[in-house]
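This report describes the strand order of a sheet and the packing of helices around it.

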Amino acid sequence: MPFDSGFEKMDNMPVIALGGIKHTGKSTVGKIVSQRLALPFHDLDDLILKDLPPRWSIRKWYREKGEQEFRNKESVALAQYLKEEDQKGMRILALGGATLENPQALNLLKGSDTEIYILDEEVEILYHRIIKRGIPPFLDPLNPEESFRKMYTTRKQTLLNQGDYIINIHGMDQTNAAEHLIRLIRSKYGR
Ligand SMILES: Nc1ncnc2c1ncn2[C@@H]1O[C@H](COP(=O)(O)OP(=O)(O)O)[C@@H](O)[C@H]1O
Ligand SMILES: O=C(O)C1=C[C@@H](OP(=O)(O)O)[C@@H](O)[C@H](O)C1
Ligand SMILES: [Mg+2]
C-alpha cells in the first residue's frame with residue numbers, strides 16, 4: 001500500500017542511489033521502495049538506453065563498443081540525471097552493476113547530494129538467480145560459476161569501499177528487501 005512519506009517535499013534530501021552486484025535487485029527493489037514511499041524512481045541503465053541509437057540494448061553496446069565507451073555513456077547519463085534531479089528532494093536511482101567501478105561516475109556521485117546504499121547478497125544465491133535463465137554472455141561459458149565468483153570478489157571490495165550503507169538482504173525476497181531498506185531510510189530521516 002503506497003503512502004506519501006513526505007520525503008519528496010522536504011528540503012535537503014539526498015538522491016538514494018542503489019548499488020550492488022548484478023541481480024542483487026537494484027532495479028526491482030528500487031522500484032518497490034519508490035512506489036511505497038511515493039518517490040520518483042529512475043534506473044541508470046534506462047537513462048543510458050534512452051541516449052543510445054534505436055535498437056541498441058545496453059548489453060549490445062557494452063559488448064560491441066567496449067567498456068570505456070559504455071562508461072562514457074553511463075557518466076553522461078548520470079551527469080544529466082544529477083543536473084536535473086539533484087537538490088529536488090528525495091528520489092531513488094538504481095545504479096548499474098558496474099557504476100561504482102566507473103571513476104567518472106563515482107566522482108559525480110561523490111560530488112553530489114547522493115547517498116549510496118549497497119544491496120548485499122551472498123554469491124551462491126546471486127549465481128543461482130543469474131543462471132536460472134541460462135548462462136548470460138558476461139560469464140565464461142566454460143566455467144560460469146568460477147567467472148562469477150571472480151567478478152563477485154573484486155566488485156564486492158569496491159562496493160564495500162564506496163557505499164555509505166551496506167544493506168544485508170540475505171535470503172530476503174524483493175518485497176522484504178524493499179521493506180528493510182524503507183525501514184532504514186525512515187529511521188534515518190525520522191518519518
Ligand atoms: N531479493 C530477491 N529475491 C529473489 N529474486 C530477486 C530479488 N531481487 C531481484 N530478484 C530477481 O532477480 C532478477 C534481477 O533483478 P534486478 O532488479 O534486475 O537486479 P539488478 O538491477 O541488481 O541487476 C529479476 O528477475 C528479479 O525479479
Ligand atoms: O555488471 C555489469 O557490468 C553491468 C550491469 C548492468 O546493470 P544491472 O546490474 O542492473 O544488471 C548494466 O549496467 C551493464 O550491463 C553492466
Ligand atoms: Mg538493474
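Two strands are taken as paired if DSSP finds at least two bridges between them; strands (E, at least two residues) and helices (H or I, at least four residues) are DSSP runs, numbered from the N terminus. The model is predicted: local features need pLDDT of at least 70, side-chain atom pairs count only at pLDDT 80 or more, and totals for chains, interfaces and linings use all residues. Residues are numbered from 1 along each chain as its sequence is written, while chains are lettered from A and ligands numbered from 1 in the order in which they are written.

Five strands, in the order β2-β3-β1-β4-β5, form an open sheet with parallel pairing. β2 (41-43) and β5 (165-168) are at the edges with a single partner strand each, so one side of each has no neighbour in the sheet. From one strand to the next, the twist averages 25°, where angles run from 0 to 180 degrees between N-to-C directions of axes fitted to C-alpha atoms, for helices over the stretch in contact. β2 and β3 (residues 91-94) are joined by three bridges, and Asp43 has Ala94 of β3 as its bridge partner.

Helix α1 (residues 26-37) lies across β1 (15-19), β2, β3 and β4 (114-120). Two angles involving α1 are tabulated below.

| Pair | Angle |
|---|---|
| α1 and β3 | about 170° |
| α1 and α8 (residues 174-189) | about 55° |

The axes of α1 and α8 are 9 Å apart. The contact (C-beta atoms, placed from the backbone, within 7 Å) involves, among others, Ile32 and Val33 of α1 and Leu181 and Ile182 of α8.
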